[in-house]
Every structure is written in structure tokens, then in C-alpha cells.
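Let's walk through this structure together. Keep the sequence and the 3D view handy as you read.

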Amino acid sequence: MSDSKAAGKTRRELFEQRQRRRSTAIAATSTLLFLLAVIIFVPMTPGWEKVQKSFFNGAVLAKTFPKLIEAFKLNIMIFLWSAPLIAILGLLVALARDAKSPALFPLKILSAAFTDVFRGVPVILTVYLIGFGIPGLGLPRPWNSPYIWGSLALILTYSAYVAEIFRAGIDSVHPSQRSAALSLGLSERQVMRDIVLPQAVRNVVPSQMNMLIALQKDVSLLSFIGPVEIFRQAGVYKSLMANFTPYVGAAIIFLVVTIPATRYADFLLARQSRQRS
Amino acid sequence: MIKQTIFAAVSAALTASTAIAGGHCAAGKTLTDGKLTVATGNPAYFPWVLDDAPESGNGFEAAVVYAVAEEMGFAAADVAWVRSSFDEAIQPGAKNFDFNIQQYSITPERDEIVDFSAPYFTAPMAVLVGPGAVDTKATMEALKGLQWGASGSHTSVQKLMNDILPTKDLLLYGDNADINAAISANQIDAALFDLPTALFLSAVMIEGSKVIGQFAADESQGGDQFGMLLEDGNPLKVCIDDALAEMTSNGTLAAIEATWLQDTTGVPLIK
């Protein structure tokens, strides 16, 4: 026994190791072949030179990239003030939809209507309607700012989604826990605050991470009502230079932010499913 | 007299048809032989195209297209219209139009990706202000302090960022309708357009607005010359340039301008 331990691996483990090495080798070879094919054949296509000139133009990228990063700061700012408000409003709507008391029935209906409407309307329409519509009522500056009303449009839309996720989280806490807590003499309110919500929120953190990533991209929709964030800035360069490279630059900046965030969300999800199994 | 007219018409028709058959400049260079496919915006705006109906020939650009087509030997019936967005027009690759006309300003950067015809119009940029700012003086100093808006795909953005240098952050929009909404909502004080568009918007679209001044056309170089956009290397460019040169020298172009574009002499120059 101790001998075989010292030798390290059982025959089965050795076999599996060989299998793994073999599949790694195959994966590496096929990836390499694929990349080679792309590198060799794509530039051979007749339109490549033009595509390269208008999508992957190094000179244009170098010229526009600093300004794009500058504009991206505005995206981050809008994101930062919208996200906490979305979390709060989303949670409130979820709680309203879950209200048990008959007296709160109107609240329940209202919150259901809220989620239906704002999940059902494309974000860009909400941005337009709220961003131009409400200031059009004659609000004085600075209260008619597109930053305020555009952000509100995002907040309303996203909190509708976030509320549904919170509600799923609340539903995922087994009813027996509620009953147990109630039988211990806790009030409905205490049960929700101290027993249900802490578990519900934990359960939905990975899903909410995905909403954060989506929000981060949708901030760009505010560009339609005025703010010059990264998407608009790239669009301005695109028009002036008749070149799409600034869009590629913007995509790179987005990816630098969203890829780590997506990986983190995946990690949270994997950890959660490990803990549950 | 009548005989003469008929003779003129017949001979014109004959020369037109022989022109194409006999190797006129444009022969064999268009997408569909014998047809001229022209793209314009969707929608196309007044006063460039009236009622979004370029096939009527009404409006400055629509009229220019039919005049150019005639000059190149195409009958009016041989002009086919398609619609395109700005992006579609500057994408690399094959185009679904022979040329595209929607107030494209000729810039050297754009010229690297696509081709432009010779300019058919030189438009000064003009300042349109909303009801809240009609008393603004037409000086650079006064303009700096306004809350500015502009169309994100227009060369006016460059003008704003390089020359006017507003003190407040610029707001940019997708098209003129959105700028209109922003002015109406009092989110912006002023916007920069080409002069004919500005005059139209202030007269018809935005109540209480006013065109307070224009920039000298030669001062903002390059940005204000409108050209027809063609795919890079399109051989038709030579024919269009010839036609435009002919129309400039025989006064056709000026006559079309006088017919379709408002008199712009009343707008003061910005100092």
C-alpha cells in the first residue's frame, strides 16, 4: 500500500492523465490550425485591405483612444450612481409584490404593473420617452438635465428586472423556514428582514452580477438623448473620419471591464452550485 | 413654333439615347446598365428633398440629381432611388447605389475610405438658438457661454470643439429631430447646422427659435462643401464631376439653388 502511494498513481489515474494530455494536445493543435487559417486566409480575401483600413486602422485607433477613455469615465459615473438606486428600488418592488397583507393589495398590483411595463418596453424607448418627455413638461434647468432623466429611465427598467430576480430569491427560501420563524414568535417583518432576505439576497448575487454587466453596457443608450459617453464619442469620430475603428476601440474598452466582471459572476455561480451540491 | 419644339424634343431624345449607346461617359459604369441608382437619407429632409419623395424631383438635392442625370444622358425615368443610412454608405465593400446624396461634407479623412464628387453646394454653418436664447449676440464670445447641442454625425461637432470651444459640456444627438426635441425641452440653448437646414428648422419646426448668425463659408474650410458619395475608386466619379462642372458653368446649378434654397442674405456673419 505504502509502495503504491509512493509510486503516486493508480493505473486508472495514469490512464486518465494520458487521456487528458491527449485531449490537451488535440485542443492545442486544432486551435493553432484555426488561428493559422484565420491569419493566412482572411487577409487573402479580396475585401480585407478595405476592411482593415476602416475597422482595424492603427493610426485612427491611436488618435481616438485617449478621448474614448475620457468619454468612458462618463459611462462609469452614470453606472455608479444608477446601480445602488436600482438595487434599492428593485428590492422595494420585490417586497411590494410579495406583500402578504390584504390591505397592501393595491401596492401588489402596482408593483406587478411596474415590472410588466418596464420589462416589456425596450430600454431605448424608455430612455427617449422619459429623457425628452419629462423635461419637455417645462422643468427649469438643471432639473431638465438628460443625465437625470436618462438615468431614471435606466433605473426604472433595470429595477424591474432586478425586482424579479429578488422575488425569485425570496421564493427560493423554503416556506418551512418562515413557518419555523413565525412559530418562534418573530413578526412577519422580522421574518422577512432577518430570516428570508439574508438568504434570498445571497442566492441571487450571481444573477444580479449579470444585471450589473448588462447595465454597464446599456449606459451607452443615454447617448441618444445627449450625453457624450463613449459610444457617442466613437460615433463622432466614425462620422468625421468615415472609419469604424473608433467603435472597435470602444469595444476593447468595454471588454476590458466586462470580461473580468463576467468571469467573476461565473466564479460566484460555480461556487454557489458547489456549495449546494 | 410647335414644329420646332417637337424637333428639339426629338433631337434631344435622340442625342440622349445615342449618347448612351455611343459610349457616353457613364455607359457601362453604373450598377444596372442604362439606369442610375441614387441613394438618399431615410428620411430625406427638407429643403434638400421635399416631402421625403426624391422621385418627384422637388427639393435642392433631388433637383440636382435629375439635372446631373440628364447631363450624363439618363432620362428621368432611368433614375432609381434607394435609401441608406450614413453607416451603410461608408461601409467597406460593394454598394447598392451609384452615388449617395445626403449633405455629405467632403473631408480628407472621409475621402480616404470613399470617393466624393466635386462639390455641388457650399453651405456655411449657422447657429440656431432656442426660445430662451434668442437675444444672444452673434459673437464668438457670447456663443461660448451657451449650452450647445449638435448632430453627432455632422462636421459641426468639429467646428464646436475646435473653434467655438463652449464652456459647458456638449450634448450630441442622432438626428435633427432629436435636436429639435432637446431644444423644445430647453435642454440645449443652441445648435449648429448648415444654413439651409437651420433656416428651415427655425421657420417651420421649432417654435420661437431663431437663426442668429452664420459663419463665413470659407472660414470653416472643407467641412461645408457637399459632395456626392461614391464607392472608393468608382469610375463614374469622372462623369459626375464633368456633369457638375458643365452645370456650374452654364448656370444650371445656380438656378436650382435659387429655386429650392431660401435666400440666405439676411443672416448676419458671426465675428
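Leu128(B) touches Ala190(B), Ala191(B), Phe193(B), Ala198(B), Leu201(B), Ser202(B), Ser209(B) and Val211(B), leaving out residues up to four places away in sequence. Two residues count as in contact if their C-beta atoms, placed from the backbone, lie within 7 Å.

## What you're looking at

This is a predicted model, where local features need pLDDT of at least 70, side-chain atom pairs count only at pLDDT 80 or more, and totals for chains, interfaces and linings use all residues. Residues are numbered from 1 along each chain as its sequence is written, while chains are lettered from A and ligands numbered from 1 in the order in which they are written.

The predictor gives the complex an ipTM of 0.75 and a pTM of 0.79. Chain B has an average pLDDT (the predictor's confidence in each residue, from 0 to 100) of 84, and 89% of its residues score at least 70.

## The core

Back to our leucine: the largest nonpolar core has 132 residues, and Val127(B), Leu128(B) and Ala191(B) touch the most other members. Such a core is a set of buried Ala, Val, Leu, Ile, Met, Phe, Trp, Tyr and Cys residues joined through C-beta atoms within 7 Å; buried means that 20 or more other C-beta atoms lie within 10 Å of a residue's own, again placed from the backbone.

## Where the chains meet

Now for the two chains: 23 residues of chain A are in contact with 26 residues of chain B.

Definitions and conventions: A residue is buried if 20 or more other C-beta atoms lie within 10 Å of its own, exposed if 12 or fewer, and partly exposed in between; C-beta atoms are placed from the backbone.
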